[in-house]
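Please look at the metal sites in the structure shown here.

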Amino acid sequence: MTHTRITIICENRAHMARDIMGEHGFAALIKTPDTCLLMDTGQGLGLAHNAKAMKIDLAALDGVVISHGHFDHTGGLMQIPARERPLPIHAHPDLFAAKYVMPKGEPPTYIGIPFSQTALEETINARFEFHSDFTEIAPGVFFSGQVPRTWSFEPSDDRLVTETSDGFVPDPFKDDASLLIETPTGPVILTGCAHSGIVNIMEHFAQKTGHQTFSAVIGGTHLGFVNDPAQLEQAMDAFDKFKVRTIAVSHCTGNEAAARLFHRFKDRFAFAGAGWHMDF
Ligand SMILES: [Fe+2]
Ligand SMILES: [Fe+2]
């Protein structure tokens, strides 16, 4: 392949395609002329099924990137066929933090990664490569590392907590990572849930790479969980500031925010469901 293709394998909704199933989760394949990477794995319901339907060979991956430790991004890891050569898995060192959801007045429910590091190493021959900082993990593919919280208007979702020796505290989401992929039509940002804030992520990549415009932003934006409508407006203004040509949202963007994004961006908007792809 001489170009880059991004294909959504798992997402909450099935794109118009045969034999694809939806699930609450996210997984995307990044195929560049140099490498083939899987970012996230869904929660484990649809990865193998959808990959087979799309003729994607999970045994041929050069590596996996995990955007953060939530089960709906990590639960499919064990569906990747075991093989003799180790499978590099790129993630932030906090990937295995104990993550819970705790809506006000309710007990916490575990929503973190459902496997231990050892189980993944022994079962699918995983070789973890942890990065706290911005790192090139393959030619032209950059892992964000920890994203600084620059914009005070992008607070964390306060239902999401992590268990520490001091009890349950708001999840700082140090592990929330995204990718920047250099393509012939410009840089493309691929996010998992964008827990660190979609504007923070764009600003971080701009600061690290010097890019002032992005060809596309694809993936979860977490804009579906925004309490203040001004935050969605500011995110939309940032898509314009960075002249993002395609805003292809998924997953935790939710229906209402997606509808508002479509209303504003029209031809620049796409919904990236399972089975959807885009070439660059
Ligand atoms: Fe998610
Ligand atoms: Fe998440």
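In this predicted model, the iron ion (ligand 1) is held by four residues: Asp-72 (OD), His-73 (NE2), Cys-193 (SG) and His-251 (NE2). The distances from these donors to the metal run from 2.1 to 2.4 Å.

**Site of the iron ion (ligand 1)**

- Along the chain, the donors are spaced D-H-x119-C-x57-H.
- The site is irregular, with angles of 83 to 172 degrees among its 4 donor atoms.
- For comparison, ideal angles at a metal are 109.5 degrees for four tetrahedral donors.
- Both Asp-72 and His-73 are buried.

**Site of the iron ion (ligand 2)**

- The iron ion (ligand 2) is coordinated by His-68 through NE2, His-70 through ND1 and His-195 through NE2, at 2.1 to 2.2 Å.
- The sequence spacing of these donor residues is H-x1-H-x124-H.
- Distant parts of the chain are linked by the pair His-68 and His-195, which are 127 residues apart.
- His-68 sits in the loop between β4 (63-65) and α2 (71-74), and His-195 sits in the loop between β14 (186-191) and α4 (198-209).

- His-68 counts as buried because its relative accessibility is 0%, and the cut-off for buried is under 20%.
- His-195 also counts as buried, because its relative accessibility is 6%.

Conventions: Residues are numbered from 1 along each chain as its sequence is written. Chains are lettered from A and ligands numbered from 1 in the order in which they are written. This is a predicted model: local features need pLDDT of at least 70, side-chain atom pairs count only at pLDDT 80 or more; totals for chains, interfaces and linings use all residues. Side-chain values use heavy atoms; hydrogens and water are left out. Donors are N, O and S atoms within 2.8 Å of the metal (3.2 Å for Na, K and Ca); water is not among the atoms, so sites may look incomplete. Helices (H or I, at least four residues) and strands (E, at least two) are DSSP runs, numbered from the N terminus. Buried means under 20% relative accessible area, exposed over 50%, partly exposed in between (1.4 Å probe, protein chains only). Four donors count as tetrahedral if all angles lie between 85 and 135 degrees; four count as square planar and six as octahedral if opposite donors are over 155 degrees apart and all others between 65 and 115; anything else is irregular.
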